[in-house]
Amino acid sequence: MNQPQLHIHPVERLWIIISFSMLGLFAVAVLTAGFAYGFQLPVPEDRLVDPNLVATPGATAFGEPGLRELSPGVMEARILAQAWAFTPKEIKVVVGTKVTFYVTSKDVQHGFDLSGSNINFMVLPGQISKLSTTFTTPGTYDFYCHEYCGVGHQTMFGQVIVTEK
Ligand code: CUA
């Protein structure tokens, strides 16, 4: 006795194949972005920073924001976002430097997108966002706020200037 056969219309079979092929393609794209292009998930570094105290000198590392050298060629940048400016607005490093950005907000939700890099995260009061990049090419890299934060949102930007050694 023959088992009953499930009949799939040829067009439906084609669409099943296309659908699963696309899933496979997306999986390959995500894995390629992660392993070949250094895609980074913005993981919050700290969720316990008090936005009311964050800019107070001595209370947190954001009291005196800016660049700090950790070792030769490795720096950290603490940037404070506040309507409607980043402090500091300009950072200068030499080419080849690895910079880890720590950004938090004193007031409302902001964003931080560093053009020409894989750094792009939201900046929330009470949370420190952290991502790293190595500047391999001299030039000027703009960063800007990409979350609407009020009437001065479009003035909220700054620059990383990467110079020759
Ligand atoms: Cu800060 Cu938009």
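A residue is called buried under 20% relative accessible area, exposed over 50%, and partly exposed in between, with a 1.4 Å probe and protein chains only. The model is predicted, so that local features need pLDDT of at least 70 and side-chain atom pairs count only at pLDDT 80 or more, while totals for chains, interfaces and linings use all residues. Residues are numbered from 1 along each chain as its sequence is written, and side-chain values use heavy atoms, leaving out hydrogens and water.

**Exercise 1.** Classify Met22 as buried, partly exposed or exposed.

*Solution.* Begin with its place: Met22 lies in helix H1 (residues 10–35), where a helix is a DSSP run of H or I with at least four residues, a strand is a run of E with at least two, and both are numbered from the N terminus. Next, take its relative accessible area of 41%, which means that Met22 is partly exposed.

**Exercise 2.** Describe the sheet that contains strand E8.

*Solution.* First, list the order, which is E5-E11-E10-E7-E8 in an open sheet of five strands with mixed pairing; two strands pair if DSSP finds at least two bridges between them. Then find the edges, which are E5 (90–94) and E8 (119–123), each pairing on one side only. Finally, look at E7 (residues 110–114), which runs antiparallel to E8 and is joined to it by five bridges; Phe112 has Phe121 in E8 as its bridge partner.

**Exercise 3.** Count the disulfides, and state whether Cys145 is buried or exposed.

*Solution.* With a disulfide defined as a pair of cysteine sulfur atoms within 2.5 Å, the count is zero. Cys145 is buried at 5% relative accessibility, and Cys149 is buried as well, at 11%.
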